[in-house]
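Here's a quick tour of one model, spot by spot. Have the sequence and the 3D view open as you read.

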Amino acid sequence: MGLPWILAILFLFQQGAYSDSLVIEHEGHAISEMKRAQYSDSMTGIPLVNQEKLDKFMDELDKRVQKPPINAALDGAGRIISEQTGSKLNRKAFEELFYSFIFEGELLKLEAPMLTTYPKVDSELLSNIKTKKIGLYATYYNSRNKNRSHNVELAAKAINNHVVFPDERFSFNEVVGMRTREKGYLRAPVIVRGEVSEDVGGGICQISSTLFNAVDRAGLKIVERYSHSRHVKYVPSGRDATVSWYGPDFVFQNKYDQPILIRAYAQGGQVSIVICSSEDVNAKTRQVPSASKKLPEEIKLEMDAGGSEPKK
């Protein structure tokens with residue numbers, strides 16, 4: 001009988017005395033349990049770990065224990081709110097502990113090992129890039145339309161304090177996310193195939209359109225932009241940017257060598273978006289026609305949800 005077989009028999013003999021369960025804890029609380037038989041296979045008598053199952057378990061565990069870092073931000077008065085570190089599962093350390101459980105049988109429970117994660121935007125960076133305004137645009141809306149106003153203000157909050165690094169692209173749909181009732185969006189007028197209807201999130205195209213004009217003034221590169229199938233009144237003709245979760249997006253790219261910061265406000269019938277950067281940025285701004293300060297009539301023409309041939 002060869003040595004591998006002897007080792008395998010010894011292992012299997014010892015394994016009978018090992019615990020079959022490993023309890024996973026996080027911050028002192030049991031959150032999961034692993035069964036030895038579910039993650040170890042025996043081929044030709046030699047025990048092997050099922051790596052695919054282990055990887056899948058670590059994926060799910062990481063979702064439960066991770067705490068995303070929080071970027072530094074500016075409050076309404078322009079004061080810096082400090083960043084916060086986060087944490088995620090230390091997969092390498094966890095795997096080593098799990099192998100110890102499988103092959104040595106000493107563990108009955110373990111505290112999920114964690115790694116500290118850091119935000120992309122800290123207070124030092126933010127204090128540097130908030131100083132110079134390179135693009136500003138304002139539009140106006142009827143604040144008496146409560147549902148539409150609510151959606152406009154919610155979308156403005158979603159893009160406020162977002163930092164775009166050099167060569168990075170900003171996608172309105174990716175940053176704002178899907179407009180759903182669960183996120184607080186309400187039904188308001190939209191444009192679908194050139195016709196007025198109502199849908200959840202109506203009104204947010206005023207934010208994407210205001211952002212487009214601020215970004216264009218700042219001299220940033222417009223990657224993707226579509227006009228509504230019908231004229232909207234809150235920006236000059238041809239200066240709008242329609243967005244839809246399953247359709248058009250507004251995308252721009254920061255071609256400067258400094259990060260840029262988006263500051264967005266929507267309150268009391270006015271949307272204001274400012275593009276800021278550091279004093280070192282060599283911005284090449286552009287001339288963009290301003291929106292009328294006259295409060296438009298009740299705006300019913302909004303988001304183009306697709307179906308027509310949009311202009312790029």
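## A helix residue and its partner

Ala93 comes out as partly exposed, at 21% relative accessibility (buried means under 20% relative accessible area, exposed over 50%, partly exposed in between, with a 1.4 Å probe and protein chains only). Ala93 sits in helix α4, residues 91-103; helices here are DSSP runs of H or I with at least four residues, strands are E runs of at least two, and both are numbered from the N terminus. Pro113 is 20 residues from Ala93 in sequence, yet their C-alpha atoms are 6.5 Å apart.

A word on the source: this is a predicted model, where local features need pLDDT of at least 70 and side-chain atom pairs count only at pLDDT 80 or more, while totals for chains, interfaces and linings use all residues. Residues are numbered from 1 along each chain as its sequence is written, and side-chain values use heavy atoms, with hydrogens and water left out.

## Two positive phi values

Most residues other than glycine have a negative phi. Glu27 has a phi near 55° and lies in the loop between β1 (21-26) and β2 (29-35). Glu27 counts as exposed because its relative accessibility is 63%.

Asn161 has a positive phi too, about 70°. Its loop runs between α6 (146-159) and β11 (163-164), and Asn161 counts as buried, at 17% relative accessibility.

## The open sheet

Four strands line up antiparallel as β10-β18-β17-β11, where pairing takes at least two DSSP bridges between two strands. β10 (132-140) and β11 are the edges with a single partner each, so one side of each has no neighbour in the sheet. Eight bridges join β10 to β18 (residues 270-277), and Gly135 has Ile275 as its bridge partner in β18.
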